[in-house]
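Okay, thanks for coming, everyone. Let me put the model up and walk you through a few of its packing details.

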Amino acid sequence: MRYNKINNELFIKNRKNFKERLKPNSIAIFNSNDVVCYNADESRPFIQNTDLFYLTGIDQEDTCLIIFPDSREEDAKEILFIQDYDEKRIIWEGLKLNEKEASEISGIKTVYSLSQFNPIFTSLVFEAEHIYLNTNEHLRYVSPIETKDARFLKWCLQSFPLHKYERSAPIMHDIRIIKSPIEIELLKKAIDITKKAFFKVLNFVKPGVWEYEIEAEIYYEFLKNRSRRPAFEIIVASGKHSCYLHSITKNKQCNDGDVVLIDYGAEYANYSADITRTIPVNGKFNHRQKAVYNSVLKIHKEAIKLLLAGKIMDEYKAEVGEIVEKELIDLKLLSFSDVKKQDKNKPLYKKYFMHGISHHLGLDVHDLGSKYKKFEEGMVLTCEPGIYLPEENIGIRLENDMLITKNGNINLSSEIPIEIEEIEEIMNNSKTI
């Protein structure tokens with residue numbers, strides 16, 4: 001892999017946490033993602049199923065994990081299956097992991113070729129009472145494509161109809177939400193790469209550049225620093241585009257006097273950074289842009305103070321909403337009397353700030369986690385307020401990645417400039433890191 005080797009204690013501990021939540025005499029199966037094709041015989045770069053990676057550290061296709069803690073056979077309590085050795089495939093694609101390498105990465109002693117999965121699984125499953133299957137239960141997940149997990153679920157139900165079936169997803173949501181020290185370091189690395197890209201952008205942006213050229217600078221810095229890709233589709237949105245929350249066309253020229261909103265993050269070892277900054281194309285915010293920016297920055301700073309252990313997401317959002325209302329009143333976008341009379345279920349500030357204030361961050365950019373679960377030490381969440389004024393071609397969003405601790409929170413992205421003065425100084429003096 002392009003990233004540095006990860007201590008396999010991470011994956012050993014993750015499997016231990018998962019096993020502790022299983023019902024007695026249970027067997028659980030996790031599959032890698034499919035390789036997805038473009039057209040003809042061309043395929044997209046492979047991205048691993050994040051649950052499987054979390055439990056094994058294996059980052060290649062055609063991988064499967066069996067966890068069977070109560071197996072009477074010691075070498076069957078954890079079994080990893082990897083891609084079969086294929087000389088012809090090696091000629092075209094290069095070497096894949098062998099059994100020894102896969103064992104070292106994952107900390108799993110028993111490793112077989114994937115072609116041996118069916119007979120081995122069948123020999124074990126009849127000793128189990130419960131079968132835990134994994135599905136994507138993220139609230140935002142919508143896909144018309146049948147996944148490998150979905151196909152495997154159908155096969156299991158047909159082949160072993162009398163077993164008791166359980167869901168792995170609730171367990172994964174519960175254990176993945178708290179980040180270990182090793183995970184925090186991987187997130188810090190992704191954020192550090194993202195920081196380097198921002199300094200690159202600050203020294204590059206000027207009137208006349210195109211949004212896609214800014215994206216290219218970001219890509220260059222990511223790839224140069226061991227990131228394989230952005231953690232999500234990069235948003236580079238100038239002028240009126242900055243008011244479209246997920247503008248990914250990147251086909252507009254950046255004009256003198258506009259702002260450009262950049263929402264981006266590097267992937268490192270499958271862990272995701274998620275940062276947003278808004279900068280002036282010509283290196284200087286005008287009076288109105290500065291006023292809106294300072295309001296968003298004030299909301300951001302106040303919201304960070306509220307991001308504390310013990311709160312739940314809806315409570316936190318409601319508190320931030322009151323701060324947003326005050327800033328919009330100060331900007332004369334709302335009136336105090338209208339806010340006082342508003343329907344609390346349809347707050348007026350949503351006209352100018354439509355999206356959520358925070359989401360969990362980790363292996364997935366919108367990481368697993370329930371909005372009903374109280375914030376706890378070890379959670380990482382974004383803080384990302386914004387104000388969007390399409391009539392004025394001004395969209396401002398500011399986003400940092402925050403680690404919850406028992407004594408407050410830590411801004412993991414504090415080294416990425418956010419104050420107006422620092423941004424303008426760097427853009428006008430070509431200051432570098």
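Quick definition before the helix pairs: axes are lines fitted to C-alpha atoms, for helices over the stretch in contact, and angles run from 0 to 180 degrees between N-to-C directions. Helices (H or I, at least four residues) and strands (E, at least two) are DSSP runs, numbered from the N terminus. Now the caveats: this is a predicted model, where local features need pLDDT of at least 70 and side-chain atom pairs count only at pLDDT 80 or more, while totals for chains, interfaces and linings use all residues. Residues are numbered from 1 along each chain as its sequence is written, and side-chain values use heavy atoms, with hydrogens and water left out.

So, first pair. Helix H8, residues 181-202, packs against helix H9, residues 211-224, at about 140 degrees, and the axes are 9 Å apart. That makes H8 oblique to H9; under 35 degrees would be roughly parallel, over 145 roughly antiparallel, 65 to 115 roughly perpendicular, and the rest is oblique.

Who touches whom? On the H8 side we have Ile193, Thr194, Lys196, Ala197, Lys200 and Val201, and they meet Ile214, Glu217, Ile218, Tyr220, Glu221 and Phe222 in H9. Contact here means heavy atoms within 4.5 Å. By class, that contact of H8 with H9 has 7 nonpolar, 1 polar and 4 charged residues.

Lys290, Tyr293 and Asn294 of H10 make the contact with Ile420, Ile423 and Glu424 of H13.

On to the cores. A nonpolar core is a set of buried Ala, Val, Leu, Ile, Met, Phe, Trp, Tyr and Cys residues joined through side-chain atoms within 4.5 Å; buried is under 20% relative accessible area, exposed over 50%, partly exposed in between, with a 1.4 Å probe and protein chains only. The largest one has 104 residues, and Phe18, Ile214, Ile279 and Ile387 have the most contacts inside it. H8 gives the largest share of this core, 11 residues. Skipping residues up to four places away in sequence, Phe18 touches Ala28, Phe30, Leu55, Ile67, Ser168, Ile171, Met172 and Ile175. Apart from that core lies another, of 19 residues, Ile66 and Ile120 among them.

Last stop, Thr135, in the loop between strand E5 (130-133) and helix H6 (148-159). Beyond its neighbours within four places in sequence, Thr135 is in contact with Leu153 and Ala169.

Definitions and conventions: Ala, Val, Leu, Ile, Met, Phe, Trp, Tyr, Cys and Pro count as nonpolar, Asp, Glu, Lys and Arg as charged, and the others, Gly among them, as polar.
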